[in-house]
Amino acid sequence: MNLHTALLQGARLLEDGGIAAPRLTAEVLLSHALDCERVYLYAHPEQELKEVEWIHYGRYLHERLQGKPTQYITKRQEFYGREFRVTPDVLIPRPETEHVVEAALRVAQGARRIVDVGTGSGALAVTLQLETGAAVWATDISPAAAVVAAGNAERLAARVAVVVCDLTGALAGGSVDLVVSNPPYVPLTQREGLQREVRDWEPHVALFAGESGFELYDRIIADAGRVLRAGGWLVMELGFGSLEHVRGRLVGWGEASVEADLAGIPRVIAARWT
């Protein structure tokens, strides 16, 4: 079977299985099986697949049809122009989270000590370290997630210290210029309404935050007041419908700003500790 036929058959299988973007997904999975760029598939449509490549491609198609996210199959996800390794131990970085980076770079220019709370893959911590040159700590309660984050930091040559702890429990008070976080914010009551790729594959510790979805926001805000120096900043991603609750918990802080994503949904809140 050549590459052209393999792409057609894979896309048809995925489409029949109700998978979104079947053609693109087939391209990504086939190029992963061949360990090549997607453009190679179109430059060499007549190339015959080796037996081992066909076996890998078939396995990847089967896994995707079972609901496994493409990023967990390829073990790759791009974030802020860099490629990160992802596994089912960490949340898949979303493009919306790049707004956290942009807000942090704007409000906390000159920050020398940064902590990423609940780092997961390390996407925020690694990106901010490489963009700012600051000293960065990344915390996560999951040892498995910490391993992934440390691996990404090493692979991308980012000077990030990864710490296994609950929120910022391992950090000294008044020691940080900037706290960033994309915390769990899905209420447990919404579990069954999630896409199966999210509900059945992504780590629940990185998704759910109690019955209301606000539990981690409350704890992070309280803890940030302990570790931030005066004038330091807290920047967090907002879940749908969380803005008013989070803003209410920031009463007594200094200036605060909210940014919307491209869909006009409030996505990031930044507040200054006074």
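Is Trp 273 buried, exposed or partly exposed? Trp 273 turns out to be partly exposed, with a relative accessible area of 27%; here buried means under 20% relative accessible area, exposed over 50%, and partly exposed in between, with a 1.4 Å probe and protein chains only. The model is predicted, so to speak of local features takes a pLDDT of at least 70 and side-chain atom pairs count only at pLDDT 80 or more, while totals for chains, interfaces and linings use all residues. Residues are numbered from 1 along each chain as its sequence is written, and side-chain values use heavy atoms, with hydrogens and water left out.

Trp 273 has a ring partner. Trp 253 and Trp 273 make an edge-to-face aromatic pair, 4.8 Å centre to centre with 65 degrees between the planes. (Rings of Phe, Tyr and Trp, the last by its six-membered ring, pair if their centres lie within 6.5 Å; planes under 30 degrees apart are stacked, over 60 edge-to-face, and the rest tilted.) Trp 253 sits in the loop between helix 11 (243-249) and strand 8 (256-260), and Trp 273 in the segment after strand 9 (266-272), 20 residues apart. Helices (H or I, at least four residues) and strands (E, at least two) are DSSP runs, numbered from the N terminus. Trp 253 is buried because its relative accessible area is 12%.

There are 4 aromatic pairs in the structure. One of them, Tyr 185 with Tyr 217, is stacked, at 6.4 Å centre to centre and 5 degrees between the planes. Tyr 185 lies in the loop between strand 6 (176-181) and helix 9 (196-199), whereas Tyr 217 belongs to helix 10 (residues 215-227). Tyr 217 counts as buried because its relative accessibility is 0%; Tyr 185, at 23%, counts as partly exposed.

Now to the helices. Helix 2 (residues 22-34) has 13 residues and reaches 18 Å from its first C-alpha to its last. Its buried residues, among them Leu 29, Leu 30 and His 32, pack against helix 1 (3-16), helix 3 (38-43), helix 4 (51-65), helix 5 (70-74) and strand 1 (76-79). Just after helix 2, Asp 35 takes a positive phi of about 55 degrees.

Helix 6 (residues 98-107) and helix 7 (residues 123-132) have axes (lines fitted to C-alpha atoms over the stretch in contact, with angles from 0 to 180 degrees between N-to-C directions) that come within 10 Å and cross at roughly 35 degrees. Contact means heavy atoms within 4.5 Å, and the residues making it include Val 100 and Leu 105 of helix 6 and Leu 124 and Leu 128 of helix 7.

Notes. Expected span 1.5 Å × (residues − 1).
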